[in-house]
Amino acid sequence: MPVPFSSEDLGRIFEVRALTRGRSLVLIGAVNVKLDGETIIGTVEDKGVRRIARVTPAAMGRRVVFENRCTCRLVNCPHLAATAFLALDRFPALRRAEQATFLERMSEAPAPEKQRLLVGLEPGMPPDSCFVSFSLVGERTARVEPTNPARILREGTASEAALALAHLLGGGEAARTGV
């Protein structure tokens, strides 16, 4: 039986692109795995080509290292990542004690996205010289969500300058405040 490992161990070894593509291959059912002694052997159908990936986890101190080989000849390719991910799901004995399966983690609610505050300044029309607006921008998705000075003051997580500006604008509920 191979050395137990976790998806966090894979995150140290594989680049994000390989991990993402590997997960996609698992989800579309393009991967089959089997154990051969200490080695996990995966057959991966990728873009009409069958690849054979061999993943052998080994303990090195408290860390897990991997000896990887794939018929595509790329180092740490998506086929290797897919093989390792599916092995974690199919063979519970490979998971480290606290490790959840890949599919279980997919069903967990995502962590709230970190947002950054964007302050806009626009020319005004009489009687206002300008308009100040606040928006929250998702750091991962770049989704823009209008907000207002009252919310900024209520949450209190913005920078000191943003909190001071929200206070100076009267802490109102409007997303766009005339000055």
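Visitor: Which strand holds Asp-46, and is Asp-46 buried or exposed?
Guide: Strands (E, at least two residues) and helices (H or I, at least four) are DSSP runs numbered from the N terminus. Buried means under 20% relative accessible area, exposed over 50%, and partly exposed in between, with a 1.4 Å probe and protein chains only. Asp-46 has 11% relative accessibility, so Asp-46 counts as buried. Its place is strand S2 (residues 39-46).

Visitor: What are these values based on?
Guide: This is a predicted model, where local features need pLDDT of at least 70, side-chain atom pairs count only at pLDDT 80 or more, and totals for chains, interfaces and linings use all residues. Residues are numbered from 1 along each chain as its sequence is written, and side-chain values use heavy atoms, with hydrogens and water left out.

Visitor: Which residues does Asp-46 touch, not counting residues up to four places away in sequence?
Guide: Contact means heavy atoms within 4.5 Å. With residues up to four places away in sequence not counted, Asp-46 touches Arg-21, Leu-25 and His-79.

Visitor: What is the strand order in the open sheet of four strands?
Guide: Two strands pair if DSSP finds at least two bridges between them. S2 and strand S3 (residues 49-60) are antiparallel and share seven bridges. Strand S1 (31-36) and S4 each have a single partner strand, so they stand at the edges. The pairing in this open sheet is antiparallel, and the order is S1-S2-S3-S4.

Visitor: At what angle does helix H3 run to S1?
Guide: Axes are lines fitted to C-alpha atoms, for helices over the stretch in contact, and angles run from 0 to 180 degrees between N-to-C directions. Helix H2 (residues 16-27) lies across S1 and S2, at about 80° to S2. Helix H3 (residues 78-90) lies across S1, S2, S3 and S4, and its angle to S1 is about 70°.

Visitor: How many aromatic pairs does a search of the whole structure find, and why is the pair of Phe-5 and Phe-66 given its class?
Guide: The search finds one aromatic pair. Rings of Phe, Tyr and Trp (its six-membered ring) pair if their centres lie within 6.5 Å; planes under 30 degrees apart count as stacked, over 60 as edge-to-face and the rest as tilted. The ring centres of Phe-5 and Phe-66 are 5.3 Å apart and the planes stand at 90°, so the pair is edge-to-face.

Visitor: How many residues apart are Phe-5 and Phe-66?
Guide: Both residues of the pair are buried. Phe-5 lies in the segment before helix H1 (7-13), and Phe-66 in strand S4 (residues 63-70). The pair links distant parts of the chain, 61 residues apart.

Visitor: Which residue forms a salt bridge with Asp-9?
Guide: A salt bridge is a side-chain nitrogen of Lys or Arg within 4 Å of a carboxyl oxygen of Asp or Glu. Asp-9 is buried at 4% relative accessibility. With the closest N and O atoms 3.5 Å apart, the partner is Arg-12.

Visitor: Which parts does the salt bridge of Arg-176 and Glu-122 tie together?
Guide: The two side chains meet at 3.2 Å, N to O. Arg-176 is in strand S8 (residues 176-178) and Glu-122 in strand S5 (residues 115-123), so the bridge ties together parts 54 residues apart in sequence.

Visitor: Over which ring does the charged end of Arg-176 sit?
Guide: A charge sits over a ring if NZ of Lys or CZ of Arg is within 6 Å of the ring centre and within 35 degrees of the ring normal. Arg-176 is partly exposed at 43% relative accessibility. Its charged end is 3.9 Å from the ring centre of Phe-131.

Visitor: Which residue in the turn of the S6 and S7 hairpin has a positive phi?
Guide: Strand S6 (residues 130-138) and strand S7 (residues 144-147) run antiparallel, joined by four bridges. Leu-136 has Glu-145 as its bridge partner in S7. Five residues lie between the two strands, and the one with a positive phi, about 65°, is Ala-142.
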